[in-house]
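Here are my quick notes on the model you sent over. Have a look at it first, then read on.

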Amino acid sequence: MTTQDDLFQPVIELPEPVRADRYRRLIGLDDIKTRLRKEAMLLADPQRLQLWAEKFHGPEVAATTLFTDRAPLFVFAGDVGCGKSALAESFGCDLADALDLPVYLYRLKLATRGSGLVGEMTALIGAAFEHLHLQGAKSKSTRGINAVSVLVVDEADALVQSRENQQMHHEDRAGVDAFLAGVDSLAGAQVPVLVVLCTNRLGALDPAIMRRAAATFVFDRPDSAQRLTALRHALHGIDVPAATLNRLAELTGPDGTRPGYTYSDLTQRLVPTAVMDAFPDSALTDEILLRTVRAIEPTPIFEENRVAP
Ligand SMILES: Nc1ncnc2c1ncn2[C@@H]1O[C@H](COP(=O)(O)OP(=O)(O)O)[C@@H](O)[C@H]1O
Ligand SMILES: [Mg+2]
């Protein structure tokens, strides 16, 4: 028998201050956040659409039927270090506020992958969905829903690879099938459970997963205005002249074949490296910042064709 602890990281009840703060600080994702909130509200609590229709139109609005039977699945795809995991693990705070209900964050442990036991991945996925099913059923009563669960499947690259890929191992194909079966079963049961799948490999996503997803969100590297905002936030409290910030935003942009910095290149590499350079004997100067930026190469673009190790 697989227990909750074998399947998931510790479950977190949202809203929670650290994650709410992280959600607010994410830059460049306003459109994604707005759409995600609406989609998530309707998938978790479909009655709201009917209420909307009655309020503004009348009881028989054909367009509302277009939303039935949609799978409660979101795909977050795109470059590394651009906020997929950060948003997946924090948007529940916003959803909880919007619905005025608790949101439980479940993060699937894919740790057993690679241990080589045939069937393990498939069994893990099956057991995880079964668990969420039960949780979802408890979150629903005749009076409506009283909680929402969000399952985040992060770094799902191997899991969601196209089944058309000839090199794909039989066991991985079974993993995709188990995942789709799980998502479909949630859709059928109409329980308030949402699934978010994060991957760096949009192009390699299995078409069946793309078809099922209620929405696919693509995350990009920051443009220059977004880099400037990220740098300003990260360097808040340190007196850096506007001209230097602008110069840093420029130097961290794409240059010929070299891509621009990701958000995490800025916040987890550039600024911490510069701080370490200054610490403990000097202030963080413009010169240190400019020197550090020249020394740090941006994370390479994730190559679609690279064969997974
Ligand atoms: N859009 C963003 N705005 C601000 N910071 C970001 C953004 N995206 C990523 N970061 C920073 O980079 C870190 C890593 O991002 P993460 O969400 O793990 O990237 P991904 O899952 O897309 O590879 C975040 O914790 C955050 O500090
Ligand atoms: Mg991630």
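This is a predicted model: local features need pLDDT of at least 70, side-chain atom pairs count only at pLDDT 80 or more; totals for chains, interfaces and linings use all residues.

How many of the 309 residues in the protein are buried, as a percentage? Buried residues come to 47%, where buried means under 20% relative accessible area, exposed over 50% and partly exposed in between (1.4 Å probe, protein chains only).

1. Ground rules. Residues are numbered from 1 along each chain as its sequence is written, chains are lettered from A and ligands numbered from 1 in the order in which they are written, and side-chain values use heavy atoms, with hydrogens and water left out.

2. Overall build. I get 15 helices and eight strands, counted as DSSP runs (helices H or I, at least four residues; strands E, at least two) and numbered from the N terminus.

3. Contacts. Of the contacts with a separation of 6 or more, 78% join residues 24 or more positions apart; a contact is heavy atoms within 4.5 Å.

4. Box. Along the principal axes, the C-alpha atoms fill roughly 65 × 50 × 35 Å.

5. One residue to look at: Glu89. Glu89 sits in the loop between helix H6 (84-88) and helix H7 (91-99). Its relative accessibility is 16%, so Glu89 counts as buried. Leaving out residues up to four places away in sequence, Glu89 touches Leu14, Arg19, Leu105, Arg107 and Asp154.
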